[in-house]
Amino acid sequence: MDIIIEAKDIVKTFKLKKQSILDKQAFFTAVDRVSVRIPRKKTVGVVGESGSGKSTFAEIVGNLQQPTSGEILYYGKNIKELSKAEYKKYRSNVQFIFQSAKESLNPFFSVKEVLMEPLKIASDSFDMNAALHQIKEMLHRVKLEDSILSKHATEISGGQAQRVAIARSLLLRPQLIVCDESVSALDVSVQKQILDLLLELQRELEISYLFITHDIGVVNYMSDSIMVMKHGKMVEQGTKEEVLFAPKDEYTQTLVSSSFLFDKENHYAM
Ligand SMILES: Nc1ncnc2c1ncn2[C@@H]1O[C@H](COP(=O)(O)OP(=O)(O)OP(=O)(O)O)[C@@H](O)[C@H]1O
């Protein structure tokens, strides 16, 4: 199986603020020896309660944060050893969609400017007409009208903003999108529309997702395999069926038993 990213034994510790200059430096381990493999065209869900280290781990996968120890392999090669061209490819191949799309879009930019930006940065010979053509094609894919191009983030809904954020992340044709609580701020009905859109885009564009959520129903709906995190540690990892329908770890059992799982056919099930 083609593995895009392999995270090996990732540890992240933060220095805690000292109360007094005389205090000994204390550390907090947010991610504690977590490993995962993200294959092509698949979704790896990461679920756990708030503060379990999911976002920190996801940011390390995309090199937005440095691990204290451990390594990230991109197609088998440590990202620290990539050439400049390989590193550029890795950064455009791994994109992020965050929780608050409205906040992640520059309020002073129109949607058109928001979507032009990644193309301008990535291109050595930027062509405005070709870029606009690409942007309109992507808007069509995320089911937005061209008329949204002149609007600003403040003038569009949360669901529309998330579609713009998805379009922006797709413009560089990534193979992996890290979705960090990407639907948590949306109403349940809008959540479902965005999740269905992400599944459709996955089929059409053959992308993989690292899907971070605290919601076990959402992780069930989206994932092929699931990793459960608690206090920075990976407590369970396996296929969706193994983790959700035959959980071995006590914490996973509690998570599953306290949730409604909704599936593709029934909306809510179990
Ligand atoms: N820069 C930092 N300095 C100190 N502690 C941090 C820092 N970033 C995160 N932490 C701590 O690391 C732990 C894990 O945070 P993280 O955001 O990764 O968890 P999470 O599972 O994504 O939670 P949430 O869903 O609430 O975002 C938390 O206790 C957090 O307070």
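## Serine 50

Serine 50 lies in the loop between strand 3 (43-47) and helix 1; helices (H or I, at least four residues) and strands (E, at least two) are DSSP runs, numbered from the N terminus. This is a predicted model, in which local features need pLDDT of at least 70, side-chain atom pairs count only at pLDDT 80 or more, and totals for chains, interfaces and linings use all residues. Residues are numbered from 1 along each chain as its sequence is written, and side-chain values use heavy atoms, with hydrogens and water left out.

Serine 50 counts as exposed because its relative accessibility is 72% (buried is under 20% relative accessible area, exposed over 50%, partly exposed in between, with a 1.4 Å probe and protein chains only). Between serine 50 and histidine 214 the C-alpha to C-alpha distance is 6.8 Å, although 164 residues separate them in sequence.

## Shell around the ligand

Ser50 is also one of the residues surrounding the ligand, together with Phe14, Phe28, Ala30, Glu49, Gly51, Ser52, Gly53, Lys54, Ser55, Thr56 and Glu181; a residue is near a molecule if one of its heavy atoms lies within 4 Å of it. By class, this shell holds 3 nonpolar, 6 polar and 3 charged residues. Ala, Val, Leu, Ile, Met, Phe, Trp, Tyr, Cys and Pro count as nonpolar, Asp, Glu, Lys and Arg as charged, and the others, Gly among them, as polar.

Helix 1 gives the most to the shell, with 3 residues.

## Contacts of ligand oxygen

An oxygen atom of the ligand lies 2.8 Å from an N or O atom in the side chain of serine 55. Polar backbone atoms also take part: one of serine 52 is 3.0 Å from a ligand oxygen atom, and one of glycine 53 is 3.0 Å from a ligand oxygen atom.

Note on methods:
A polar contact is a pair of N or O atoms within 3.5 Å; within protein, one must be able to donate a hydrogen and the other to accept it, and residues adjacent in sequence count only if both atoms are side-chain atoms.
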